[in-house]
Amino acid sequence: MNNKKKNAADDTEHGAATLLSRRNLLKGAGLTGAALMSAACSGPVISPASGAQASSARIHVTEAFETLTAAESAALDALASRILPSDDGTPGAHEARAVHFIDRGLTGAMAASREQYAVGLAALDAYATETGGNAFHSLPTSAQDAIIEAMTKNAILNFPMLNAGFFNTVRTHTIEGTFSDPYYGGNRDFVGWDLIAYPGVRAVASAEETRLGRDLAPSRQSAYDLPSYTKDLAVPTAAQQGGASNGH
Amino acid sequence: MATELARTDVVVIGLGAVGGVAVLPLVNAGLNVIGLEAGGWMTTRDFAPDEIRNNIRDWPQAIPKAKNEIPTSRANINFEAIQGGGHPMMNGMGGTSLHYWAQSWRLSPWDFKTVSDTTRRYGAHRVPLDSTVEDWPLSYEDLEPYYDRVEYALGVSGNAGNIQGTLQGDGNRFEGPRSRAYPMPGLRSSGFTDMMSEAASQLGWHPFQGPAAINTEVYGNRPGCFYHGFCDRGGCHVAAKSSTAVTTIPEALKSGLLKVVTHARVLKIVNDDQGRVRGVEYLSGNQVLFQPADAVLLASHTYENTRLLLLSKSREFPAGLANNSGQVGQHYLSHHQGAPVTALFPKNLNNWYGLPAQGVAIDEWADDNFDHSDMQFIGGGNLWVHTDRKPIAAAKMPTFGLAPNWGPKWKAFISENADRTNSSYIQKTTLPYEGNYLDLDPFVKDKLGIPVIRITAEHRQNELRIAAFTQDRMEEWYRAAGAVQIIRAGLGAAMGPSTHAYGGTRMGDNPATNVTDRFGFAHEVKNLGVLGASVMGTSGARNPTLTAQALAWRTAEHLVANWDSITQ
């Protein structure tokens, strides 16, 4: 879930939930899914339905691209959608909003790749226009796939930046955007984690839950829905741990 | 010029896995200690279950100091050294013991006497000709009491295999005799590890859960492991991992004799005209400070230990401190822990939780635990499979030639198989060789304009043959457990930057071939001790940290017991 959605959750409920016992949690199923999930416990107490309920409660989210241009984001979304498509009827990179993850990353931790995206995506549209008469995102998927195939084989000679290296960068970031913690802007509604049946972030895993054949219900929570990493300020300071502060 | 501070008894450079241990015996003896740490404190609140932060973006390792001084690396002098993607060092209270896997092995007794044991059993010609390996200047038995102290001071869980010569049921039957059991039982099994253990038993092998500096029950004021995952390159969210930041350092601070200085970036160890060290110069913000001390313990990572010595030039030591012998940086090795075997199983393994230290070890093919008469190598590898799977890594799984790596078929493949793979971790005996060394890079500098370390090193035939041999054993094990596809990685070539980095300040009786003596003090500088895997001359087939910690404790006790002769 993204920031907006997280902020929409009630902080009081988050705090309160941690104080509840697991039994009370089960009884308190009337609380929102988010509050339940924030409890520092694992387990199959969260049904997928409660996650769905939480997400349907979200109304409108305004979300801008921070660095990608409109044309770049369209080309990138189309490319990511061929890497991890959704034409089989289940969500893929587009539904996960992997491009939003990449966009945010390119303004920060992935900034070193910004130039490669600018050059690569511009070349992608130029090559698509030259060979197919249209920007990449407007080509039929079969034509898009043919271009990707050529990229992976380093076979686009007039546009050497459309190569396996660029493809691998986009593929890696598409995977990260689809399967990362939703905090980072992708994996919207946990569609990535559902795709590979990852049961989600937990604070505890019991022995019973790690037996073969166990099917765990997804926890449907971001790491940062767990209050211990974001909200509980009552943590020991360096001084309380006994450490002196910096310098003399 | 540096501002001179008030004198102290001992300065420890780096409060990580080893410096963080050494401070405890020092303050217990009543010494005043100042610990200089390049990073700061982190708490459980910093250790979120976040794969992007820990594993993709390398936080918390990727903080400024280490990030700006990443070693360069080349296989041999015919190549240009290239700066790699990350520094295996960590700046922070607790250092690498914050984010490591916490596997806490004792080395095999064989590792301490590789040369003499090999010579005795197989002949001197079986020691690789180009290796500079020596027997360690101490035996397993000499180090045993210190292993024991560290296991109890930190909190190491495990199942003993040999207590005072009596083999135990569920531990490692090949381990050296220990004086007593671990303070806590080993980490629990999982469905997957039980499956692998059964397969190993069918092969006639002896599987066991390896030891870990991770609580399995309440120990001191810390809880047992929650098994939630995210231990690999992440700190522990409940402080069940026994990093020095939550164990020996806080314990030492209680004495009031340890003063911690965080964000202190050591520039130079300063010596007097008698060839003794007299203190440490460090950068705090934009101020250069000088901390005088009667003794200095250098306890940063292997690369930084060598780097600081080489940078500490003076009239008495023109080639770097304690380096008139030219031995600083020599006998370097990075552990051969690559060349994994990866398996695909026909069913889900439910391996999403757990931790890399929760696994099954096979020691049949490690060290000298099997007859090498007909082998083309000495030593061997410890086979390890473990739990813990994270979603991005799962989606990046290899496709075993069964699907392309993008598009609808790939999507269907990972959807079905994300929880069906496992990759082994095989740590191998690694030796030092002629031509493998660390020095200062002549071209690449950090942001302060100070040269970074250059690694010139490659694995040799002994390591590559162990890799091939242990891959065979690993494949056999996976097949016995029902694997349907197997991928073997390449056997390895260059020794790039590694968390398991050894040598550069090797310990030994001969000052012509070793920087430090049998107690870890520099042959050329009697009041300078060196802590860490940089003093180790061989790797063994298992993680280095516990051994480096036991040696650190021993060096600190030696300083205490010989205070007058070392400092005067």
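This is a predicted model: local features need pLDDT of at least 70, side-chain atom pairs count only at pLDDT 80 or more; totals for chains, interfaces and linings use all residues.
Residues are numbered from 1 along each chain as its sequence is written, with chains lettered from A and ligands numbered from 1 in the order in which they are written.

Returning to α10(A), the buried residues are Gln144(A), Ile147(A), Ile148(A) and Met151(A), where buried means that 20 or more other C-beta atoms lie within 10 Å of the residue's own, exposed means 12 or fewer, and partly exposed lies in between, with C-beta atoms placed from the backbone. Seen down the helix axis, these buried residues fall within an arc of 100 degrees, so they line one face of α10(A), the arc being that of the directions from the helix axis to the C-beta atoms. As background, an α-helix has 3.6 residues a turn, so residues three or four places apart point the same way. The partners against which the buried residues of α10(A) pack are α6 (70-83), α9 (114-132) and α11 (164-179) of chain A, contact being defined as C-beta atoms, placed from the backbone, within 7 Å. Just after α10(A) comes Asn154(A), which takes a positive phi of about 55 degrees.

For α6(A), 14 residues at 1.5 Å each should span 20 Å, which agrees with end C-alpha atoms 20 Å apart. Ten of its 14 residues are buried, so α6(A) is largely enclosed by the rest of the structure; among them are Glu72(A), Asp77(A) and Arg82(A), together with Leu76(A), Leu79(A) and Ile83(A). The cover over the buried residues of α6(A) includes α7 (93-96), α8 (98-106), α9, α10 and α11 of chain A. For α11(A), the 16 residues should span 22 Å, and the end C-alpha atoms are 22 Å apart, which again agrees; its buried residues include Phe166(A), Phe167(A), Arg171(A), His173(A), Glu176(A) and Phe179(A).

Taken as a whole, chain A has twelve helices and zero strands, and buried residues make up 42% of its 248 residues. Of the contacts in chain A with a separation of 6 or more, 58% are between residues 24 or more positions apart.

How many residues of chain A are in contact with chain B? There are 49, and they meet 49 residues of chain B. The elements giving two or more residues to the chain A side are α6, α10, α11 and α12 (191-195) of chain A, and α11(A) gives the most, with four residues. By class, that side has 27 nonpolar, eleven polar and eleven charged residues, where Ala, Val, Leu, Ile, Met, Phe, Trp, Tyr, Cys and Pro count as nonpolar, Asp, Glu, Lys and Arg as charged, and the others, Gly among them, as polar.

Turning to chain B, the axes of α5 (residues 140-155) and α12 (residues 545-561) of chain B come within 8 Å and cross at roughly 105 degrees, and α5(B) and α12(B) are therefore roughly perpendicular to each other. The residues of this contact include Tyr146(B) and Tyr147(B) of α5(B) and Trp553(B) and Arg554(B) of α12(B), and the contact residues divide into seven nonpolar, one polar and two charged. Axes are lines fitted to C-alpha atoms, for helices over the stretch in contact, with angles running from 0 to 180 degrees between N-to-C directions; under 35 degrees counts as roughly parallel, over 145 as roughly antiparallel, 65 to 115 as roughly perpendicular and the rest as oblique.

Gly176(B) sits in the loop between β7 (166-167) and α6 (191-202) of chain B, and it counts as buried because it has 20 C-beta neighbours inside 10 Å. Beyond residues up to four places away in sequence, Gly176(B) touches Arg106(B), Ser108(B), Pro109(B), Tyr140(B) and Asn162(B). Thr118(B), in helix α4 (residues 114-122) of chain B, is buried as well, with 22 other C-beta atoms within 10 Å.

Note on methods. Two residues are in contact if their C-beta atoms, placed from the backbone, lie within 7 Å. The expected span of a helix is 1.5 Å times one less than its number of residues.
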